[in-house]
Amino acid sequence: MTRPAGTTDPRPATAPYPVPAQAGAPVEADEARAALHRLRTEVAKAVVGQDAVVTGMVIALLCRGHVLLEGVPGVAKTLLVRTIAAALDLESKRLQFTPDLMPGDVTGSLIFDPRTAAFTFREGPVFTNLLLADEINRTPPKTQAALLEVMEERQVSVEGNRRPLPDPFIVAATQNPVEYEGTYPLPEAQLDRFLLHLTMPLPNRDEELGVLRAHHAGFDPRELTAAGVRPVASPADLALARAGVSRVAVAESVLGYIVDLCRATRSAPALELGASPRGAIALLVTAKAWAWLAGRDHVTPDDVKAIARPTLRHRLRLRPEAELEGVTTRSVLDAVLGTVPTPR
């Protein structure tokens with residue numbers, strides 16, 4: 001499938017279905033890996049041609065990270081998140097961000113109950129497993145800041161009381177890449193909290209024909225059960241998978257390669273802001289998840305290269321003069337990946 005510039009395909013190219021067990025690997029983790037690989041087939045019952053983004057979402061769940069989804073209207077961003085939640089047997093909620101949205105509309109608020117003459121906390125939509133924050137850049141900075149605490153601390157603080165969010169919990173925030181009127185660009189501090197930046201491309205001709213045939217045959221995106229979408233993995237599988245990812249080995253030379261890549265972005269002439277140490281940590285954990293999904297018990301430099309673009313590109317900020325010259329973060333990352341020596 002053709003992908004626009006600035007995107008990558010976050011799929012372990014060496015991962016067939018199902019991935020065979022490795023010697024010495026726990027059987028439970030192996031079964032969890034196979035269950036997560038079945039997710040693509042299940043999501044494809046409702047969403048066509050987005051295998052790469054599905055894998056990116058799985059990596060985010062494995063790493064307890066958040067995802068920034070970018071795509072033009074009508075490429076099924078909302079449907080994708082709902083279908084992934086259904087296939088993983090997770091709860092999902094959708095929150096439409098608007099200019100008049102208040103922080104309490106996101107986190108929840110205290111409500112006075114006249115029957116008891118006391119205030120009770122009414123949970124906001126963030127109390128879920130998979131939160132779709134639709135058009136996150138359309139809400140003012142004050143509301144974005146409320147979501148920032150939720151993303152970073154995985155809790156809501158109201159009147160000094162901390163209320164933890166469910167586990168797993170990730171935010172999948174969407175942005176429209178072509179319409180910026182009435183938007184509030186996300187600050188770098190919030191962009192850095194997103195583990196991955198994934199682009200949902202337009203389908204090719206055959207895939208778009210498949211979408212039309214499905215709708216002509218009666219497919220209703222609001223009725224996923226009728227479309228045959230069933231849970232193929234569970235939160236327990238996800239917990240086993242996370243344990244498997246934590247056991248993936250990383251050689252000292254690969255750790256150094258990750259650091260060198262991030263440091264190279266900080267000295268790139270076209271950038272005024274490179275990848276932070278948080279970005280280096282993100283690249284480490286996503287590379288481990290990628291390697292685990294591919295059935296390996298160690299990270300290779302190729303794993304780092306494969307996941308580097310969606311992990312780092314939203315953490316970089318171009319200099320204005322470089323932007324005017326047509327330089328992109330994709331081209332800067334390509335140059336960095338091509339010049340930093342790869343360990344053997």
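What span should the 17 residues of helix 10 have at 1.5 Å a residue, and how far apart are its end C-alpha atoms? I began there, keeping in mind that this is a predicted model.

**Entry 1: helix 10**

I took helix 10 as residues 277-293.

I then looked up burial along the helix. I found 12 of the 17 residues buried, so helix 10 is largely enclosed by the rest of the structure. Among the buried residues I noted Gly279, Ala280, Lys288, Trp290, Trp292 and Leu293. Just after the helix, glycine 295 has a positive phi of about 85 degrees.

Trp292 came up again when I looked for charges over rings. The charged end of arginine 33 sits over the ring of tryptophan 292, 4.5 Å from the ring centre.

**Entry 2: aromatic pairs and phenylalanine 121**

I searched the whole structure for aromatic pairs and got two. One of them joins phenylalanine 121 to phenylalanine 127, with the centres 6.0 Å apart and 70 degrees between the planes, an edge-to-face arrangement.

The cut-off for buried is under 20%. Phenylalanine 127 is at 6% and is also buried.

I also noted that arginine 163 lies over the face of phenylalanine 121, at 4.2 Å from the ring centre.

**Entry 3: strands 6 and 7**

I next looked up strand 7, residues 161-164. Strand 7 pairs with strand 6 (residues 155-158) in the antiparallel sense, over four bridges. I found serine 157 opposite arginine 162 of strand 7. The two strands form a hairpin with two residues between them. In the turn, glutamate 159 has a positive phi of about 50 degrees.

**Entry 4: salt bridges**

How many salt bridges does the structure hold? I got 15. As a reminder to myself, side chains of opposite charge can pair when their charged atoms come close.

Arginine 315 bridges to aspartate 192, with the closest N and O atoms 2.8 Å apart. This pair links distant parts of the chain, 123 residues apart: arginine 315 is in the loop between helix 11 and strand 11, and aspartate 192 is in the loop between helix 6 and strand 9. Arginine 315 is buried at 6% relative accessible area, and aspartate 192 is buried at 11%.

Glutamate 272 and arginine 317 meet at 2.7 Å, N to O. They lie in strand 10 and strand 11 respectively, 45 residues apart. Glutamate 272 is partly exposed at 39% relative accessibility, and arginine 317 is partly exposed at 35%.

Aspartate 334 and arginine 309 form a salt bridge at 2.7 Å, N to O. Aspartate 334 lies in helix 13 (residues 329-339) and arginine 309 in helix 11, so the pair ties together parts that are 25 residues apart in sequence. I noted aspartate 334 as partly exposed, at 31% relative accessible area, whereas arginine 309 is buried at 19%.

How values were computed:
Residues numbered from 1 in each chain as written. Predicted model: local features only at pLDDT ≥ 70, side-chain atom pairs only at ≥ 80, totals over all residues. Heavy atoms only, no water. Phe/Tyr/Trp six-rings, centres within 6.5 Å; stacked < 30°, edge-to-face > 60°. Buried < 20%, exposed > 50% of the residue type's maximum accessible area, 1.4 Å probe, protein only. Lys NZ or Arg CZ within 6 Å of the ring centre and 35° of its normal. Pairing = 2+ DSSP bridges. Expected span 1.5 Å × (residues − 1). Salt bridge = Lys/Arg side-chain N within 4 Å of Asp/Glu carboxyl O.
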